[in-house]
Amino acid sequence: MRAAVTILAVAALASVPLWLRDPYLLNALITTGIFVIGAMSLNLLLGFTGQLSLGHIAFFGIGAYVSALTSLGFDVGLPGDVRLVHAPWPPIAGFLLAILVAGMCGYFVGLLSFRVRGAYFVIVTISFAEVVRLVALNWVELTQGPLALTNIPSIALPLPGLGELTLRTKMQNYYLVLVVALVAYLLIARLVHSHFGRAMRGLMENETLAVSVGIDVTRTLTVAAVISAAIAGAAGSLYAHYIRIIDPEVFAFINTVTMVIMVISGGKGSLAGPVVGGLIFGLLPVALRPVMAPEAQWIAYGGVLIAILFVLPRGIVPSLAQRFIRRRSGAPALASVALTETGAKEPA
Amino acid sequence: MERGVLEIRDMVCGYGGVTALRGISLDVKAGQLVALIGANGAGKSTTLRAISGLVPPRAGQMRFEGIDITGARPPRVLASGIAHCPEGRRVFPHMSVEENLDMGAYLRRGSGEIAADRDRIYAEFPRLAERRRQAAGTLSGGEQQMLAIGRALMSRPRLIMFDEPSLGLAPNIVERTFAIIRGIRDAGTTVLLVEQNAFAALEMCDHAYLLENGRIVLSGAGSELIENEHVRKAYLGG
Amino acid sequence: QTIKIGVNEPLTGAFAASGTYVVNGAKIAADEINAKGGILGKKIELVIEDNKSNPTEAAAVAEKLITSDKVPVLMGAWGSSLTLAVMPKLMEYETPMVVETSSSGKITTTGNPFIFRISPPSAVEAAAFKGIVDKLALKKVDFLVINNDWGRGTAEDFSKMMKDKGISIGLVETMDQGAQDMSAQLSKIKSSDSETVIVTTAVDQLTLIFKQAAALGLKKRIITTGGSQNPDQIIAQAGAAANGTMHLTTFLPWFPDKTPNPEATNYFITEWKKRGFEFAGCTESFRGYDGIRTAAAAIEKAGKAEPAAIKAALWDINIKGLNGDIVFRKSGPEGKESGQSQPNVYLIEINDGKVELKTL
Amino acid sequence: MTARSIAMTIEQVAVRFGGLVAISDMSFTVGEGEIVSLIGPNGAGKTTAFNVMTGFLTPSAGQVTYQGTTLTGLKPHQIADLGLIRTFQRTSVFPNDTVYDNLLIGLHRQGRVRLLDAILGLPGARASERRLRQRASELIEWVGLERRAHDAAGSLSYGEQRLVGVALALAAEPSMLLLDEPVSGMNASETHRFVELIRSVRDRGITILLVEHDMPMVMTVSDRIVVLNYGRIIAEGTPDVIRNDPAVIEAYLGHGAGRA
Amino acid sequence: MSEFLQHLVNMLVLGGTYALLGIGLTLIFGIMNVVNFTHGVLYTFGAYIMFIVVQQLGLNFFLALPVAVLAGWLLGAAIELTLLRPLRGSDIDTTMLVMIGAWIAMQSGTLWIWGGVAKSVATPFPEAPLVLGPVSVSWLRLFVLAAAAMLILVTYFLINKTSLGRAMRATFQDHDTASLMGVNVDMIYTSTFAIGSSLAAAAGALLGPVYVIFPQMGDLAAVKAFAIVILGGLGNITGAVIGGFILALAEELGAGYVSSGYRDAMGFVIIIAVLIFRPTGLFARAERVG
Ligand SMILES: Nc1ncnc2c1ncn2[C@@H]1O[C@H](COP(=O)(O)OP(=O)(O)OP(=O)(O)O)[C@@H](O)[C@H]1O
Ligand SMILES: Nc1ncnc2c1ncn2[C@@H]1O[C@H](COP(=O)(O)OP(=O)(O)OP(=O)(O)O)[C@@H](O)[C@H]1O
Ligand SMILES: [Mg+2]
Ligand SMILES: [Mg+2]
C-alpha cells in the first residue's frame with residue numbers, strides 16, 4: 001500500500017517533463033526539487049534526532065562553493081607564501097567533492113552537537129552558517145566574495161565509451177534532480193528504519209534513558225549530521241551547476257527558513273513530509289505571483305503557512321495519515337500524547 | 001447513597017480515544033479520610049485529575065459543598081477549597097524549595113500567615129528547611145515528594161487530595177506523612193487519599209473505594225475492605 | 001496589441017525601496033511613450049515582476065518574462081548579484097537586457113553580448129572623479145564601503161585611480177549590508193591619519209554613518225560614491241550631520257537646467273511629483289525612466305519587437321538620457337562584447353541643508 | 001558467599017555539589033550474582049551513587065571498578081556496553097513511541113549492525129531485526145503489558161510506565177542491574193510478583209544492586225544490605241543484622257518498622 | 001589608546017542596546033519556550049509607532065515611548081490569543097513555524113503600509129555629542145542606555161521578585177501543576193507574551209531614532225537577540241544582560257582590531273566558543289539525572 005503510493009508518486013513526478021512544456025514552470029520545479037533535497041536532509045536531523053539546525057544552508061552553500069570552485073579552478077595565496085593552485089576539474093568531480101566536504105563539515109558540527117543540544121544547538125548552527133557566510137564574503141581571492149562565482153559549467157555525465165553528456169536542457173536537469181532526490185530519499189528511509197534510526201529516535205525522546213541502554217550519542221548524532229550535511233552538499237552542488245552563478249547570498253538565513261518551512265509544514269519525522277511540504281511551499285510563490293501584489297504574495301504565503309498548521313498541527317503528512325487511518329479503522333488514533341500528564345516536560 | 005461534601009455522580013472521563021473512567025460515583029463526607037485503591041492503570045489518578053479540573057469529564061456531575069464544579073478549571077476548583085497533590089511529585093524544577101512552597105499559597109493573601117505555615121512545614125520536614133534555596137529539580141526523589149506534600153498543604157484547603165504521597169519516601173518519613181494526614185483530618189480537613197500502600201491506607205481511612213478498570217467495584221469502611229478476600233489477594237499481597 | 005518590455009526588479013526584500021523607485025520611473029517613461037502614440041503604432045506594456053531581492057528568483061523571473069510573457073527585451077535587475085544571476089538566462093534565450101543600476105565590473109566583462117548597461121560601473125565613476133582630486137587636494141583617504149560587489153569594486157577602482165595620482169590609501173573598512181551600527185569602523189577611521197573618507201553604500205547606511213560619525217566627533221571630509229544617495233533623504237534624516245558631505249552623483253534633479261537634457265528632466269520631475277512620489281526618490285528612479293526609454297528606442301529602431309533585432313538596434317541608438325547621451329560602446333571579450341554607456345558624473349556638496357553643485 | 005568473585009568495587013567515592021556533600025568516602029563491593037540493597041533516608045546519596053556507577057556523574061574522588069574495568073572517565077553508553085544497566089527513580093520511557101518500540105530501542109545493544117549493512121538492507125541486518133522483534137514481545141509478556149503493547153508509552157499510568165522502565169533495562173541485556181526504587185508505585189501484590197521477577201533475573205546470573213524504600217521487599221530479597229546516611233555508610237550486613245541495628249532504626253526505619 | 005577608549009564607550013552603549021533586545025526575548029523564548037520569530041517584527045513595530053507618533057502626529061518624543069510600549073503589549077496579546085492559544089500543547093517546532101509565518105506576513109505588511117524607504121525620527125537631544133577628552137558619545141545613546149537600564153531593572157524585579165513573575169516561571173515549567181496552584185495559566189500565557197512583546201517594541205522605539213526605521217530592521221536585531229539570550233542561558237535576565245555586553249565587546253574589538261569584514265563573525269565565534277566550554281550558556285541552570 002505504502003510502496004504503491006510511493007511508486008505512483010515517483011511515476012507521476014517522472015512524467016512531468018513529458019507533458020509540461022513551460023520552461024518557467026519546469027525551472028520552478030527544478031529549483032524547488034533542489035530545495036526539497038535540502039529539506040529532506042534537514043528532516044533527517046530535525047525529524048529523526050530532534051536537533052534543529054537553523055544553519056543548514058551552510059552545508060548547502062559549502063556544497064555549492066566546493067563544486068563550483070572545483071569545476072572553475074582557483075589560485076589563492078595561503079599564509080607563508082604558499083600558493084594553492086587548482087586547475088578546473090569536470091563538474092561531476094565537483095559534485096562528489098561537494099558531498100565529501102559538506103559531509104566533513106557535518107562531522108564537525110555533529111561533534112559540537114555532542115556538547116550542545118536544543119536551543120543551544122540551534123544557535124551554534126546559526127553561528128556556524130554566519131561564519132561560513134562571512135568567510136565566503138571576505139575571502140575574496142578564493143570565492144570572489146560578493147563579486148560572485150560566475151560561468152559555472154553545467155554538470156556533465158561521463159558515459160563510458162560515448163564521451164560526455166552535458167546536462168543543459170531543463171528536462172535533463174529535471175531528471176538529474178529527480179534521481180538525486182530519489183537516492184537521498186531511499187538513503188534516508190533505510191537509515192531511519194534501521195537500528196540507527198531507532199537510536200536516533202531514542203535520543204530525541206529521552207536522551208538520559210537512551211544512553212543508559214547503551215546508545216552512543218556522539219556516534220549516532222554524528223552519523224546523522226554527516227549524512228544530512230552530505231545530502232545538503234549534493235543539493236548545493238546541483239544548485240550551483242544549475243543556476244550557474246553563486247554568491248554569498250546563498251547562505252542567507254531565509255534559505256534555511258525555507259527548508260524549515262518545507263520540513264515542518266510537510267511533517268517532520270515523516271519521510272514524505274519534506275517532499276509534500278517542499279512542493280507546496282516551493283510552488284506556492286509561483287501560483288501567487290500572477291494573482292496579487294508582491295507584498296501581498298508574502299502575506300498570503302505566511303497566511304497559508306499558518307492556516308496549514310492550524311488545521312494540521314503535526315504537519316500535512318502525519319496529520320492526514322492519522323485522519324485517514326482513523327476513518328478507516330473507525331477507532332480513534334493514538335491521541336497526541338499529552339506529555340504533561342506523565343512527568344513534567346522540562347523546558348528545553 | 002448518603003451525600004457528602006464532595007459528591008460525584010456517574011463520571012466518565014478519558015484521554016483522546018481512551019476511556020479511563022467509566023461512570024464513577026462516590027461521596028466524601030466532611031471531615032472524613034477516604035481512601036481510593038486499585039491496580040496500576042485502574043483510574044485512580046484520573047479520578048483526582050477530573051475532580052481538580054485537569055481532565056475535563058465527558059459525562060457526570062461533581063458538586064463540592066453543594067456547588068457544581070463539573071468542568072471547572074483547576075484554579076476555580078482550588079479557589080472553591082479543593083487542593084490536589086499530584087502524582088509524580090511535579091515540583092517546579094527551576095524554582096527554589098521556598099518558591100515552590102510559596103506557589104502553594106498562590107491564591108492566599110496575608111504574608112504573615114503564609115510565612116507561619118511555611119515554618120510549620122519546615123518543622124515537619126527539616127530536610128526542606130536545610131534546602132530552602134536549592135533548585136527543586138536537583139532534590140532527591142524523596143525530598144521532592146516532601147516538597148510536593150508541603151506545597152499542597154500551603155493552600156489551606158477544606159478538602160485535600162493526595163496521589164500516592166508515600167511514594168519514594170523513607171519508612172520513617174512515610175510514618176510521619178501518614179501522621180500528618182491523620183492530623184489534618186483530625187483538625188477538620190477532609191482528605192481523599194490514593195495509595196499503593198493499601199494496607200496503611202485502609203487502616204487509617206474512614207471509608208474506602210476500590211477501583212478496577214475505571215469502575216468502582218467495592219466500597220466500605222477500611223476495616224471491611226481489609227477483610228475482603230479479593231482485596232487481600234489482589235492488593236495486600238496476602 | 002501591445003509591445004511588452006519585461007521589468008525584473010526587487011519589490012520586496014532588502015532592496016524593495018530602490019526597486020520600487022526604479023519601477024515607478026519606468027512607468028513614467030511607458031506612459032509618456034504611450035501618450036505620444038506608442039512605438040511602431042502599438043502601445044508598450046511593462047510586465048513588472050518582483051525578484052524578491054533574491055538571485056534565484058531573479059533568474060526565475062527572467063525565465064518567466066521571456067518564456068511565458070514572451071517579452072523581447074528586459075530591464076533589470078537592480079543589484080549586481082541579481083543581474084549576474086539573470087545573465088545565463090539571457091544567453092539561453094538570446095534576449096537582451098538593459099541594466100539600469102548594477103555597478104559590478106563583471107557584468108560587462110564576462111562576455112555576455114545581451115547586456116546593455118546604462119549605469120556607470122565604479123571604474124567609470126573613478127575616472128570621472130580623477131579630474132577633481134587635485135582641486136580637493138586629497139592626500140590620504142580611508143574607505144568605508146558596503147561589503148558587496150558594489151562597495152568592494154568601488155574601493156578597488158578608486159584606490160587604483162588614486163594611487164596613480166600619488167594619493168595614499170589608508171584603511172579599507174567594510175560593513176555588512178543591513179548593518180546598523182558602524183561606530184566601531186568609524187572609531188577606527190577617526191584615529192587614522194587620513195583627512196578624507198570615501199563612503200560607498202545605499203542611502204540608509206549613509207544616513208546612519210553621518211549621524212554616527214557626528215556622534216563620534218569624526219571631523220574628516222566625507223565623499224560618497226555610487227549615485228544612490230538621495231541627498232534630500234539624507235538632509236531630512238541626518239540633519240546637520242550631513243553638512244559638508246560631498247557626493248558623486250549621476251543625476252541632478254535639483255538643477256534641471258544643468259542636466260544634459262533639461263526638457264526631459266523637467267518633464268520627469270514634474271511627472272514624478274504629480275504622481276505623489278517623494279522627491280528624494282528621483283536619483284534612483286530616473287534610471288528606470290532612462291532604461292525604458294532606451295529599450296523603446298531600440299524597438300523603434302529595430303522596427304519589430306524581436307529579441308535579435310532589438311539586440312542589434314541597441315548598438316545603434318543614441319538618445320538623450322537624463323544624465324547624458326545613451327550610446328553603447330563595446331566592453332568585454334572580443335566577439336561577445338556587452339554594451340556600456342557612459343553617463344555623466346557630478347560632484348555635489350550639502351551645505352546648510354541645501355545641495356550645491358561643485359563644478360568639476 | 002564469601003567465595004563469590006567480586007563484580008563491582010566502589011572505592012572511597014565522594015561527590016560534592018557546590019558546597020553540598022552528597023557522598024563522602026563510600027566504599028563497598030558487590031559480589032557476582034548477589035542481590036545487594038542500598039538503602040538510607042531520602043537524600044542520603046543512593047541515586048547519586050547510581051549516577052556515579054553508571055557514568056552520569058564524575059565523582060570528586062574515588063573510583064568504581066566493574067569486572068576489572070575502572071569506570072573512571074567512561075561515558076554512560078560505554079558503561080552500559082559493559083553490561084552495567086540501570087533504571088531510573090523518576091519514570092523514564094520514550095513517551096511518543098509505543099511500548100513495543102520502546103523495547104526495540106532498548107534492545108540497541110543486541111541490534112548493532114554495521115551502518116552500511118543497515119543502509120543496504122543486507123540479510124544480516126534483516127535477520128537481526130527479526131530476532132529483536134521476537135525478544136521485544138517476550139519482554140512485554142514478561143512484565144505483563146501485552147494489552148498496552150501498541151499504546152504510546154507516555155499514555156500509560158504511572159505504575160505501568162515503571163514496568164516499562166524495568167523491561168527496558170532488561171532489554172539491554174545486563175550482566176549487572178541497578179534498580180532505583182523499582183516497586184515504588186506498585187501495591188503489595190504487584191510487589192510480590194516483582195520479587196519473583198527479580199529472583200528469576202538473578203537466577204540467570206545477573207548481579208543486582210537495589211535501591212528501595214519498601215522494607216518488606218528489601219528484607220526478603222536482599223543477600224546483603226548497605227545503609228547510607230548523609231552520604232556515609234553507617235551499616236552493612238544481612239537483612240537480619242540491619243533490621244535490628246539501632247543506628248539504622250533511628251535514622252531510617254523509624255519505630256513502626258516492626259511491620260516490615 | 002584613545003581609540004581603545006572610544007571602542008570601550010561604544011561597547012557600553014551598544015551593549016545596553018543588545019541587553020535591551022535580549023530581555024524581551026528571554027521572557028518569550030527563555031521562559032515561555034516559544035521560538036519567537038516575531039520578535040524582530042515587534043521591534044520594527046515599536047519603531048514605526050515612534051515614527052507615527054513623533055513624525056506624523058507631531059507629538060512629544062517622550063510621550064511616544066509609552067505609546068509604543070502599550071502598542072507592543074496589545075499586538076503581543078493579540079498574537080498570543082489568535083496564533084498561539086489555539087496551538088497550545090503543540091510541539092515547539094509547530095509554534096515556531098507559526099511564528100515564522102507571522103513574521104513573514106507581518107514584515108511584508110509593514111512594507112506594504114509604509115514602503116521600503118527608511119524613515120527617521122527627530123529627537124529632542126542635541127546633535128552635538130558629549131565629548132569627554134578623547135571619546136565622544138551622543139546624548140541620544142546615553143538616554144537609550146539609561147532607559148534600557150531602567151527597563152532591565154523593572155523586568156528583573158517583575159520576574160524574580162513578584163508573585164506574578166513566580167507564577168510565570170511556574171507556568172512554563174509545568175503548566176498543569178501551576179494551574180493546580182491556582183494560577184490562571186491562560187492569563188499568564190497572554191501576559192508573558194504581551195510583556196515580552198512590549199519590551200521588544202520598547203527596544204524598537206528607543207533604537208529606531210538612533211538608527212533608521214525600515215521594514216527589515218528587525219531581522220538582524222532578532223538574530224542578535226537570540227544569540228544574546230542563549231549566551232546568557234535561557235530565561236536568565238542577568239545572563240542576557242551580560243551576554244549583550246559580551247557580544248558588543250566582541251564585535252567592537254573584532255571590527256576595531258581584526259577586520260571589519262569579520263565584525264559579525266566575531267560575535268558568532270565567541271558564541272561557538274562559549275558554548276563549547278559551557279554548553280548551556282554562561283549561566284546554566286542546575287540540572288540532575290536520575
Ligand atoms: N495522558 C494520558 N493519555 C492517554 N491515556 C492516559 C493518560 N494518562 C492515563 N491514561 C490512561 O488512563 C488509564 C488510567 O490511568 P491512571 O493514571 O488514572 O491510573 P492509576 O490508577 O492512577 O494507575 P497507577 O497506580 O499506575 O498510577 C490508564 O489506562 C492509562 O493508560
Ligand atoms: N545536581 C545536584 N545539585 C545539587 N544537589 C544535588 C544534586 N543532585 C543531588 N543533590 C543532593 O544530593 C543529595 C543526595 O541525593 P540523591 O538523589 O542521591 O538521594 P537519594 O539517596 O537517592 O534519595 P531518595 O531516597 O530521596 O531518592 C540530596 O540531598 C540532593 O538534594
Ligand atoms: Mg496514578
Ligand atoms: Mg533516589
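Rings of Phe, Tyr and Trp (its six-membered ring) pair up if their centres lie within 6.5 Å; planes under 30 degrees apart count as stacked, over 60 as edge-to-face and the rest as tilted. Keep that handy for the first two exercises.

This is a predicted model, where local features need pLDDT of at least 70 and side-chain atom pairs count only at pLDDT 80 or more, while totals for chains, interfaces and linings use all residues. Residues are numbered from 1 along each chain as its sequence is written, chains are lettered from A and ligands numbered from 1 in the order in which they are written, and side-chain values use heavy atoms, with hydrogens and water left out.

**Exercise 1.** Work out how the rings of Trp298(A) and Tyr301(A) are arranged.

*Solution.* Start with the total: over all chains, the structure holds 33 aromatic pairs. In this one, the ring centres of Trp298(A) and Tyr301(A) are 5.6 Å apart and the planes stand at 70 degrees, so the pair is edge-to-face. Next, find them in the chain: both sit in helix α13 (residues 294-311) of chain A, 3 residues apart, which puts about one helical turn between them. Helices here are DSSP runs (H or I, at least four residues), and strands are too (E, at least two), numbered from the N terminus. Finally, Tyr301(A) is buried at 6% relative accessibility, where buried means under 20% relative accessible area, exposed over 50% and partly exposed in between (1.4 Å probe, protein chains only).

**Exercise 2.** Classify the ring pair of Tyr21(C) and Trp272(C), then say what it ties together.

*Solution.* With centres 6.0 Å apart and planes at 50 degrees, the pair is tilted. Tyr21(C) belongs to helix α1 (residues 16-35) of chain C and Trp272(C) to helix α11 (residues 262-274) of chain C, so the pair joins parts that are 251 residues apart in sequence. Both Tyr21(C) and Trp272(C) are buried. Zoom out, and ring pairs link these two into a cluster whose members include Phe251(C), Phe268(C) and Tyr289(C).

**Exercise 3.** Find the protein donors of the magnesium ion (ligand 4).

*Solution.* Donors are N, O and S atoms within 2.8 Å of the metal (3.2 Å for Na, K and Ca); water is not among the atoms, so sites may look incomplete. Here they are Thr47(D) (OG1) and Gln89(D) (OE1), 1.9 to 2.2 Å from the ion. Thr47(D) lies in helix α1 of chain D and Gln89(D) in the loop between β6 (84-86) and α3 (99-106) of chain D, so the pair connects parts 42 residues apart in sequence. Thr47(D) is buried at 7% relative accessible area, and Gln89(D) is buried at 4%.
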